[in-house]
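Q: I am new to this structure and would like to learn how to read it. Could we go through some features together, one at a time?

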Amino acid sequence: MKYCRFSINNQTHYGSVEDRNGELWIVDVSPAPAEDMAYRVALEETDAGNFDFAPMPLSAAHLLPPVTPSKIVCVGRNYRAHVRELGNEMPVEPLIFFKPPSSLLAPGGVIRMPAVSERVDFEGELAVVIGRRARNLKPGAPWRDVVRGFTLANDVTARDLQNKDDQWTRAKGFDTFCPIGPIVSDELDLDAGLNLETRLNGEIRQHASTLDFIFSLPELLVFITSVFALEPGDLLLTGTPSGIAPLSPGDRVEVSIPGLGTLVNTVESDEK
Ligand code: MG
């Protein structure tokens, strides 16, 4: 299963995605996931769902963030080399924080660098989309039952504010600081390791395997759901590998994992 969320004629739709000779295509409109009640109601109240859809390349679509999470849970310091580059101690338990849903940014959207920060970094990450409510998952529980699939994310971070503030709400929470997409897929074998790559202006800056996680996805799900419930559509950003670097206006940042396409965003200053 691969899907995206997109806009056509000013109406939001979900689309089934297929790989056609190495290019991702939207081949049909598809039902909305349970968490997107607003979309379901809109479809019922209008005839927006009744039109002849012609397949199109994903690259030609007006894409939206593929999920509408109630919360975005992030893991800090989950790759050994990244912990070392920040000069931090190896964590003995996961370090979690939130980004607000208002920080979501569509594929192709512009990351706005706030004037209050002098250093805004990219953080390419694998993101997990929750498919079923999960609370108090036990070690060894079938975690795949609660995972709908995977997508790409960029945990954009105002590094100077992260170092200045006692917690990270401001540094991680600016509008546009959570690009995600372009698709959600469950056709990946996490156990075999996924190769994450981040390019800045075409140059590879991050390249790592999820086999380098300090805490595995099942361990993260057990830890997080011991604190709060995860709901369908919620996002879990699994941490960034080494190679983080600052962004500048005019930059183009691309996060990719084979099978998930490429999340592309550009950067501009937010000075009005
Ligand atoms: Mg991060």
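A: Gladly! Let us start with a term we will need: a salt bridge is a side-chain nitrogen of Lys or Arg within 4 Å of a carboxyl oxygen of Asp or Glu. Keep in mind throughout that this is a predicted model.

Q: Which residue forms a salt bridge with K2, and how far apart are the closest N and O atoms?
A: Side chains of opposite charge can pair when their charged atoms come close. Here the partner of K2 is E187, with 2.8 Å between the closest N and O atoms.

Q: Into which domains is the chain divided?
A: Domain 1 covers residues 2-64, and domain 2 covers residues 72-269. Their centres, taken over C-alpha atoms, are separated by 25 Å.

Q: How should I read the area buried between domain 1 and domain 2?
A: The size of an interface is often given as the accessible area lost when the parts come together. For domain 1 and domain 2 that area is about 930 Å², and carbon and sulfur atoms give 59% of it. On the side of domain 1, K2, Y3 and E35 lose the most area to domain 2, together making up 57% of what that side buries.

Q: How many residues are in contact between domain 1 and domain 2?
A: Ten residues of domain 1 are in contact with 13 residues of domain 2. Two salt bridges are counted between the two domains, and four residue pairs across the interface are in polar contact.

Q: Which elements give two or more residues to the side of domain 1 that touches domain 2?
A: They are β1 (2-8) and β5 (62-64). Of these, β1 gives the most, with three residues. Sorted by class, this side of domain 1 has eight nonpolar, no polar and two charged residues.

Q: Let us go back to salt bridges. What does the count come to by this rule?
A: It comes to 16 salt bridges. One of the pairs is E268 with R112, where the closest N and O atoms are 3.0 Å apart. This pair links distant parts of the chain: E268 is in strand β20 (residues 262-269) and R112 is in strand β9 (residues 110-113), 156 residues apart.

Q: How exposed are E268 and R112?
A: E268 is partly exposed, with a relative accessible area of 36%. R112 is partly exposed too, at 31%.

Q: With which residue does K172 form a salt bridge?
A: K172 pairs with E123, the closest N and O atoms being 3.4 Å apart. Here too, distant parts of the chain are linked: K172 is in helix α4 (residues 169-173), while E123 is in the loop between β10 (120-122) and β11 (124-130), 49 residues away.

Q: Are K172 and E123 buried or exposed?
A: Both K172 and E123 are buried. Compare R170, whose side chain meets that of D165 in a salt bridge at 3.0 Å, N to O. R170 is partly exposed, with a relative accessible area of 33%.

Q: Which residues do salt bridges that share partners join into one network?
A: The network is made of K99, R119, D121, E123, D155, R159 and K172.

Q: What does the side chain of Q206 reach?
A: The side chain of Q206 reaches the backbone oxygen of S242 at 3.5 Å. A polar atom of that side chain also lies 2.8 Å from the backbone oxygen of P241. Leaving aside neighbours within four places in sequence, the contacts of Q206 include F122, E123, L196 and T240.

Q: Where is the place of D234?
A: D234 is in the loop between α5 (217-225) and β17 (235-237). At 0% relative accessibility, D234 counts as buried.

Q: Which side chain does a polar contact join to that of D234?
A: That of S70, at 2.7 Å. Leaving aside neighbours within four places in sequence, D234 is in contact with P69, S70, K71, V128, V129, I130 and A229.

Key
Residues are numbered from 1 along each chain as its sequence is written. This is a predicted model: local features need pLDDT of at least 70, side-chain atom pairs count only at pLDDT 80 or more; totals for chains, interfaces and linings use all residues. Side-chain values use heavy atoms; hydrogens and water are left out. Domain bounds come from an automatic or database domain assignment. Contact means heavy atoms within 4.5 Å. Buried area is the accessible area (1.4 Å probe) that two parts lose on being put together, summed over both. A polar contact is a pair of N or O atoms within 3.5 Å; within protein, one must be able to donate a hydrogen and the other to accept it, and residues adjacent in sequence count only if both atoms are side-chain atoms. Helices (H or I, at least four residues) and strands (E, at least two) are DSSP runs, numbered from the N terminus. Ala, Val, Leu, Ile, Met, Phe, Trp, Tyr, Cys and Pro count as nonpolar, Asp, Glu, Lys and Arg as charged, and the others, Gly among them, as polar. Buried means under 20% relative accessible area, exposed over 50%, partly exposed in between (1.4 Å probe, protein chains only).
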